Amino acid sequence: MGLGVRTATGVFRPDTLVFYRSLIQMMILLPWLKSYLSGGEPFAKRFRIHLVRGFFGMFAIFFFYLALQHNPLALVNLLTMTQVFWTALLSWIFLKEEVSPKQLAAATLTCVGLGLSLIDPGHTSTWELNLAGILAALLCAIFSAIALTTVRSMRKRLGAREIVFFFGLSGVLMSFPVFLLRPQFPVGFEQWRLILWIGFAGGIAQILMTAGYKYTKTMIGTLALSVQLPVNLVLGYYFLQESPPAYFLFGAAIAILGIFGLVAQTRHQVGEEQRQGR
């Protein structure tokens, strides 16, 4: 899907892509909606928490699309993987959770790796960087951390299709006013195919990811998404002529090592607290 979005951002604004993706995502689940309503469930049941989750999720997608408009596909993928780091940081700041020396070391390693991966090679390279795009990718990671945490909480008692449908509905409601003021419509078969691909691929991926969070914790689920990075490196190289410099690959390896270490130490700390009955 990232490859399609990277291509589409050359034609459509990020907010337009959010609107179409949310709309198509709702359409995918329309057959389920009919059975949901016929089952006697009130349509607005739990809508408030769906709306809150949709708010954070929509902004995460918007910043993801905005980042892809300005920066290489693999770089944006790496930066959005830092949602694990932001989850730990926000928990430390707002929830006053303890941070062990090993967790701090893993977080530092992540930052060092990201710093190396963000070295600007200059405009003679096919790997041009944009500060606004980098900031957008980091904002995407922060909003994703919040949204995924709520998904994990909701998934314990709600179905994946319900969560994804209301997420699409929230996205349509929030992005439609902007679309109404500045409408953009696909022109020709290629643009329609691109929009439909982004919507269907994004919707199916959202359903599968949400279903998976019933069985795994947020951080572990995020790590499973790290398989996108090598795939996006290959896709970016062959289809977008984005040739990553050696220091990006080295920095990405260090950052991913730090992220894995942060998750491992967090799991260990949680296990220790449970054994001690805290």
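Modeller: Two residues are in contact when they have heavy atoms within 4.5 Å of each other. Take Leu229: leaving aside neighbours within four places in sequence, Leu229 is in contact with Ala74, Asn77, Leu78, Met81, Ala252 and Ile256. A word on the source: this is a predicted model, where local features need pLDDT of at least 70 and side-chain atom pairs count only at pLDDT 80 or more, while totals for chains, interfaces and linings use all residues. Residues are numbered from 1 along each chain as its sequence is written, and side-chain values use heavy atoms, with hydrogens and water left out.

Biologist: How many helices and strands does the protein chain have?

Modeller: Helices (H or I, at least four residues) and strands (E, at least two) are DSSP runs, numbered from the N terminus. Here the protein chain has 13 helices and 0 strands. Read along the sequence, the pattern is α-α-α-α-α-α-α-α-α-α-α-α-α.

Biologist: What share of the contacts in the protein chain with a separation of 6 or more comes from residues 24 or more positions apart?

Modeller: Such pairs account for 89% of those contacts. Leu118 gives a case. Leu118 lies in the loop between helix H7 (101-117) and H8. Leu118 and Leu75 are 43 residues apart in sequence, yet their C-alpha atoms are 8.3 Å apart in space. Not counting residues up to four places away in sequence, Leu118 touches Leu75, Leu79, Leu129 and Ile134.

Biologist: What percentage of the 278 residues counts as buried?

Modeller: Buried means under 20% relative accessible area, exposed over 50%, and partly exposed in between (1.4 Å probe, protein chains only). In this chain, 47% of the 278 residues count as buried. Leu118 counts as partly exposed because its relative accessibility is 27%.

Biologist: Which residues have the most contacts inside the largest nonpolar core?

Modeller: The general idea comes first. In soluble globular proteins, nonpolar side chains tend to be buried together. A nonpolar core is a set of buried Ala, Val, Leu, Ile, Met, Phe, Trp, Tyr and Cys residues joined through side-chain atoms within 4.5 Å. The largest core here has 64 residues, and Leu17, Tyr65, Leu78, Phe165, Ile198, Leu229 and Phe248 have the most contacts inside it. Helix H4 (residues 47-70) supplies the largest share of this core, 9 residues.

Biologist: How many salt bridges does the structure hold?

Modeller: A salt bridge needs a side-chain nitrogen of Lys or Arg within 4 Å of a carboxyl oxygen of Asp or Glu. The structure holds 3. One joins Glu242 to Arg6, with the closest N and O atoms 2.8 Å apart. Glu242 sits in the loop between H12 and helix H13 (246-275) and Arg6 in helix H1 (residues 2-8), so this pair ties together parts that are 236 residues apart in sequence. Glu242 is buried, at 5% relative accessible area.

Biologist: Where do Glu190 and Arg193 lie?

Modeller: Both are in helix H10 (residues 188-212). They are separated by about one helical turn because they are 3 residues apart. Glu190 is partly exposed at 47%, and Arg193 is partly exposed at 45%.

Biologist: And Asp15: buried or exposed?

Modeller: Asp15 is buried, with a relative accessible area of 15%. The side chain of Asp15 meets that of Arg13 in a salt bridge (3.1 Å, N to O). Arg13 is buried too, at 16%.

Biologist: How many aromatic pairs are there?

Modeller: Rings of Phe, Tyr and Trp (its six-membered ring) pair if their centres lie within 6.5 Å; planes under 30 degrees apart are stacked, over 60 edge-to-face, and the rest tilted. The structure holds 15 such pairs. Phe59 and Phe143 form a stacked pair, 5.7 Å centre to centre with 25° between the planes. Phe59 lies in helix H4 and Phe143 in helix H8 (residues 131-155), so the pair ties together parts 84 residues apart in sequence. The rings of Phe165 and Phe166 are edge-to-face because their planes stand at 80°, with centres 5.6 Å apart. Phe165 and Phe166 are both buried.

Biologist: Which residues do ring pairs link into a cluster?

Modeller: Phe55, Phe56, Phe59, Phe62, Phe63 and Phe143.
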